[in-house]
Amino acid sequence: MIRTIFYVVALCIAFRADAAEIATNRLEVSPPEIIIGGLNREQQIIVTATTDDGRLLDVTHLCAVDSRDEQICSAEGPRLLGRADGKTSIRISYASLEKVVPVEVVEFDTPPPIHFQRDIIPLLSKTGCNNGGCHGKASGQNGFKLSVFGFDPRADFNALVKQNRGRRLFLAVPESSLLLRKATGATPHGGGRRIEPNSLDFNLLTGWIRQGAPWGDEQAPQVTHIEVEPRQRILGMRGEQQILVTAIYEDGARRDVTSAALYSSNAETIAKVDEQGRLATGEFPGEAAITINYMGHVGVTEVLIPIQNSVAAWEGIPVNNRIDELVVAKLKKMGIVPSALSNDATFLRRLYVDAIGTLPTSQEVRRFVEETQPSKRQLEIETVLQRSEFADYWSLKFADVLLADRKKIGERGAYVFHQWLREQIASDRPYNEWVRELIAATGYSNKYGPVNFYRALDQPEDMTKAISQAFLGIRLDCAQCHHHPFDRWGQEDFFGMAGFFNGIERKDLSDGSQLVFHKGHKQSKLPLTGELVETRALGYDSFVNLESSDPRIKLADWVTSEQNPWFARLMVNRLWKHFLGRGLVEPEDDLRATNPATNEPLLEYLAQQFVESGYDIKSIVRLILNSRTYQLSSETNDSNAGDQQNFSHYFVRRMPAEVLLDAISEVTGSAEQFPGMPPGTRSVQLWDNRLPSYFLDTFGRSPRTSPCECAKSSEPTMSQALHLMNAPEIEAKISDERGRVALLLRTKLSRDELVEELCLTALGRLPESKELEVAERLLSDQPTRHAAEDFLWALLNSYDFLFIK
Amino acid sequence: MRSKNARGIARRDFLRVGTVGGLSLAEVMRLRESCAAESGNTDDINCIFIFIIGGMPHQDMWDLKPEAPPEIRGDFMPISTPVPGVQISDVLPQIAQVTDKLAILRSLTHSKSVHQDGYHTMMTGKEPNASLDRNNKNNNQHPSLGSLVARLGNQGALPPYISLPNFIDSGGPSFLGPSYGPFVIDADPAAPEFEVRDITLPVGVDAERSLRRQAALQQINQLERQVDSQIQALDSFYQKAYSVMTSRRAKEAFNINVESARTRESYGMTSIGQCCLLGRRLVEAGCRFVSIENGHWDTHRKNTKSLRELLCPAFDQAIPALLNDLSDRGMLEKTLVVVSTEFGRTPRINDLLGRDHWPNAFSIVMAGAGLTVGQTIGATDKQAAAVIDRPISPADVSATILKVLGIDYTQVLHTPLGRPVPVVDEGQPISELFV
């Protein structure tokens with residue numbers, strides 16, 4: 001435990017800036033002119049120096065800031081506080097550089113009236129009061145409930161001002177209000193102290209109560225958007241950067257909201273950010289995006305931390321195609337040198353498992369390794385893409401995401417849905433066409449596969465979430481109840497989308513199946529107000545004539561159209577994640593402006609290729625497989641060992657549950673017999689995801705209860721290790737009388753041939769000295785059958801078998 | 001939500017670190033292990049959580065109402081116990097003798113009267129909302145207590161959360177993911193052929209052969225530079241699994257046959273008896289949370305006869321045997337024993353001589369772990385129908401259990417979609433147990 005604390009503390013200390021002593025020649029201050037007005041009476045500044053070699057260096061917290069007239073404006077470091085109306089200036093000095101910036105303080109004596117929604121709600125968000133873990137959760141906290149992130153300001157106003165007979169506020173002595181006593185910790189508060197006495201926040205709240213706790217002027221200008229500065233910045237390790245956030249109001253007024261905005265980093269070890277928008281980079285090169293939220297308006301600051309002292313090994317890095325050019329361009333920017341090309345055997349095993357969920361046989365390995373044709377990888381990729389296992393594996397992947405859960409849609413439903421998906425893949429039908437058909441599906445559930453998608457989902461709200469998630473990569477769950485905290489979507493968007501599904505009927509038929517159809521368009525209501533919402537697709541104005549037919553047809557057209565900014569991007573990102581181990585956007589199905597791709601030009605390129613190919617999944621798979629990027633070794637060099645974002649090496653990963661079970665069956669030569677399935681059925685071919693299988697459950701098959709990829713787990717557990725080592729089922733495969741070991745021994749192979757055959761089958765490569773030594777020891781001092789089984793057992797438990805490298 | 005508990009803060013910070021990109025899973029594993037090692041696993045309090053499936057009739061066992069009319073009070077009579085003023089049912093004569101080791105909580109209350117909703121409520125501490133799909137596996141809306149312990153607690157040599165003998169879905173991990181589900185023993189230790197999956201060597205592989213295999217595997221794996229974090233993470237589980245197989249103590253924890261006939265019989269050769277004994281063995285070897293699900297208490301018909309002849313005798317033997325055994329071994333102070341259930345049963349006996357579902361007021365029991373025992377907490381009205389004093393919510397029970405197990409129950413978890421979820425929703429530890 002002590003070590004843990006130490007570790008955490010050590011990480012924090014390491015974030016201190018060490019920018020001193022770098023030669024600089026120019027100083028920039030933002031904002032260039034400062035007007036402190038409104039209620040918050042503070043202004044964050046950013047001070048940027050330009051180094052002699054042309055880099056930008058944030059010296060906001062390293063420079064000295066002096067006010068010419070402390071009576072008008074005082075400086076607490078780089079944060080200026082208004083003290084009285086008037087004009088003055090501040091002098092900023094760093095090293096030998098100096099800059100003077102004019103400052104004007106206005107509205108100090110006559111502050112504008114406080115508006116609850118505009119001024120108080122952001123404060124409740126910043127202090128965490130209306131967080132979903134506290135008073136913002138559905139049941140509130142200890143009888144005090146706020147709407148999460150303040151999405152329902154009227155209700156919050158009632159909760160504070162009117163509920164509980166108004167005892168939360170004490171108008172006569174604002175400081176004694178229960179709200180403030182709790183928030184400052186003067187009265188015991190489960191959430192601890194959230195507001196410091198006499199801070200700006202404290203004064204704003206007491207000021208509001210003193211004004212009589214008004215709702216505010218209905219005409220008061222509201223926030224239209226926020227501006228974030230800087231948008232992008234290249235930093236060093238252990239560097240820092242102050243972020244400046246400005247809210248723009250309907251009347252054009254600008255107000256500094258840096259200390260009122262909420263910040264979150266998508267990669268905290270790369271860059272952390274504190275509550276005041278001060279970002280600190282860590283010990284690792286990489287990239288991070290800081291999402292900034294102020295009252296539902298979002299912005300993002302992207303930082304990039306290249307490797308500092310990288311060798312200039314850039315000439316002559318080979319590229320196979322455009323993917324490689326774009327990856328290498330990024331690697332150059334980051335100072336990362338990619339790994340070497342993988343060897344043939346490693347490539348082949350990787351290709352088989354990733355593309356068709358199958359290990360190559362020993363003959364296939366031998367043939368490929370011995371082949372001398374220079375374009376043999378390209379040829380092999382073509383061969384693999386034509387194999388029927390491609391459709392098996394990819395229909396499994398789609399069935400997981402599209403909720404083909406037998407428990408929910410029944411045996412017949414799961415069977416026909418799976419069959420339908422498989423046909424779409426096997427016939428190389430364009431992705432946009434079959435998705436379009438699925439979204440608008442109408443028909444009998446026991447005959448027509450895709451309607452079962454609508455049987456897996458109960459309510460229009462569930463369909464809204466599933467379709468947004470599965471085909472657009474937009475996680476709309478949040479927006480069902482409140483504005484999405486990190487995206488642009490609100491309840492109007494959610495229920496606008498839900499309107500497409502209101503008329504969906506599932507009529508029970510006598511044979512236990514259902515007829516799924518849409519009985520006509522009906523708008524959704526906003527749960528908060530009961531207002532009808534115009535039915536519309538996300539970020540899209542409206543559709544004409546939704547009444548004339550099944551409105552899903554128009555939605556399906558929109559989802560799958562070339563103009564849709566998410567449809568192609570999501571699919572190529574899924575494919576990229578599948579083959580490269582990490583999405584260009586991560587999580588792969590969470591596309592939003594505040595979650596940028598680590599290589600946007602590459603994502604853009606792939607999406608464009610997908611559209612141009614006529615939404616041909618295989619063409620993108622082919623492009624990826626032929627890239628040198630995909631074929632790189634997983635062995636890292638000094639510069640790319642820490643790279644998790646830029647695809648400078650292959651990411652090692654364990655075989656997925658179904659693939660692993662099939663691989664064990666294949667290597668032992670002892671097929672798995674699934675109840676009710678024809679003999680020889682492989683687990684990637686199963687249409688029934690609920691067939692009892694301890695193995696598949698333990699290794700994490702998808703429960704198919706959520707369209708989110710996050711539902712599937714590949715985390716290791718102790719049960720997995722115990723099962724691989726001790727399970728009688730696996731032992732029975734190893735020692736199967738008709739299995740591989742028994743068979744090979746009957747063919748009178750020499751010991752070396754036996755070892756070679758087992759290694760080729762299990763590991764996809766010839767034995768190395770370690771396997772040879774182990775085999776030598778095992779096979780020399782005991783009966784051959786047992787020894788060969790023990791050797792195979794060791795191979796099956798080895799990381800070279802379990803992992804794709 | 002800030003905890004003042006030093007251990008809680010460190011744990012939470014560490015978990016936050018664990019969720020970000022740069023720290024590998026393997027590094028996280030190592031941190032976890034160092035946490036476990038340095039906090040000294042022997043100091044940890046472990047839990048045996050006995051869940052009575054079907055709904056335990058509170059008025060016939062723990063909270064008798066002899067003054068009520070016959071159709072309410074039923075057929076059982078209160079008997080005195082070593083604790084002055086505390087009486088329980090004459091159908092539990094042996095438990096009555098150890099009442100000084102029990103805290104009887106008589107004022108549990110929630111609003112869910114369907115079994116699956118009740119399991120969810122009492123096994124996770126949170127009432128499910130209407131979208132709970134009762135037919136669907138892995139559909140918890142909140143992680144079970146066992147999964148929370150697996151995710152947030154220190155770990156020992158055994159899997160941290162073990163469920164036996166018939167796992168029910170509400171014991172699942174919910175959004176924490178399958179890795180925090182229980183190690184399920186789906187066999188009854190009372191059965192003569194009882195064996196735990198994957199713990200013992202398969203038939204045909206003796207200890208000598210197993211050692212040979214392990215040596216071979218280690219050589220194949222170790223010669224390589226295992227730098228990848230995924231591999232390191234699995235490797236740490238392999239090491240642990242290997243230690244379970246080779247450490248006599250860990251492996252034998254699962255082997256109930258090494259107990260003497262006298263000990264086994266003292267618990268009763270019944271499912272609940274042998275599960276309790278196995279539960280004791282598992283926590284003794286370092287499992288943090290053993291969940292024992294004991295079925296068939298849904299007495300809609302012939303309530304009296306079922307309790308008297310089928311259900312209570314085994315229960316009445318097992319619980320005192322467990323408490324006495326833990327006490328004799330000096331483990332009672334380090335072991336929390338909970339007897340929980342999804343709800344109580346209706347005040348009025350129905351036409352089939354049974355009682356139906358009643359979540360409005362019911363009883364559960366806690367013991368051990370240094371809690372203040374020999375007391376009853378809360379009270380119901382004259383018909384055992386409504387709580388009239390000190391209502392206890394399922395979340396209060398969760399907060400109590402997690403607090404005892406050294407886990408910061410005020411912390412907030414995040415779902416994969418980023419939604420913050422408090423570990424315990426508004427529950428407070430039951431203060432009377434800590435005086």
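The model is predicted, so to speak of local features a pLDDT of at least 70 is needed, side-chain atom pairs count only at pLDDT 80 or more, and totals for chains, interfaces and linings use all residues. Residues are numbered from 1 along each chain as its sequence is written, while chains are lettered from A and ligands numbered from 1 in the order in which they are written.

**Chain A as a whole**

Chain A holds 29 helices and 27 strands; these are DSSP runs numbered from the N terminus, with helices being H or I of at least four residues and strands E of at least two. Its C-alpha trace spans about 100 × 75 × 50 Å along the principal axes. Of the 805 residues in chain A, 50% are buried. Here, buried means 20 or more other C-beta atoms within 10 Å of a residue's own, exposed means 12 or fewer, and partly exposed lies in between, with C-beta atoms placed from the backbone.

**Where the helices meet**

Helix H28 (residues 784-797) of chain A and helix H8 (residues 207-222) of chain B have axes that come within 9 Å and cross at roughly 45 degrees. That angle makes H28(A) oblique to H8(B); angles under 35 degrees count as roughly parallel, over 145 as roughly antiparallel, 65 to 115 as roughly perpendicular and the rest as oblique. The axes are lines fitted to C-alpha atoms, for helices over the stretch in contact, and angles run from 0 to 180 degrees between N-to-C directions. Among the residues making the contact are A:Phe791 and A:Trp793 of H28(A), and B:Arg212 and B:Leu217 of H8(B); two residues are in contact if their C-beta atoms, placed from the backbone, lie within 7 Å.

**Backbone spots to look at**

| Bond | Omega |
|---|---|
| A:Ser30 to A:Pro31 | about -5 degrees |
| A:Glu586 to A:Pro587 | about 0 degrees |

A:Pro31 is in the loop between strands E1 (24-30) and E2 (34-36) of chain A. In chain B, the non-glycine residue B:Lys302 has a positive phi of about 40 degrees, and B:Lys302 is partly exposed, with 14 other C-beta atoms within 10 Å. B:Ala369, also not a glycine, has a positive phi near 60 degrees, and B:Ala369 counts as buried, with 22 C-beta neighbours inside 10 Å.
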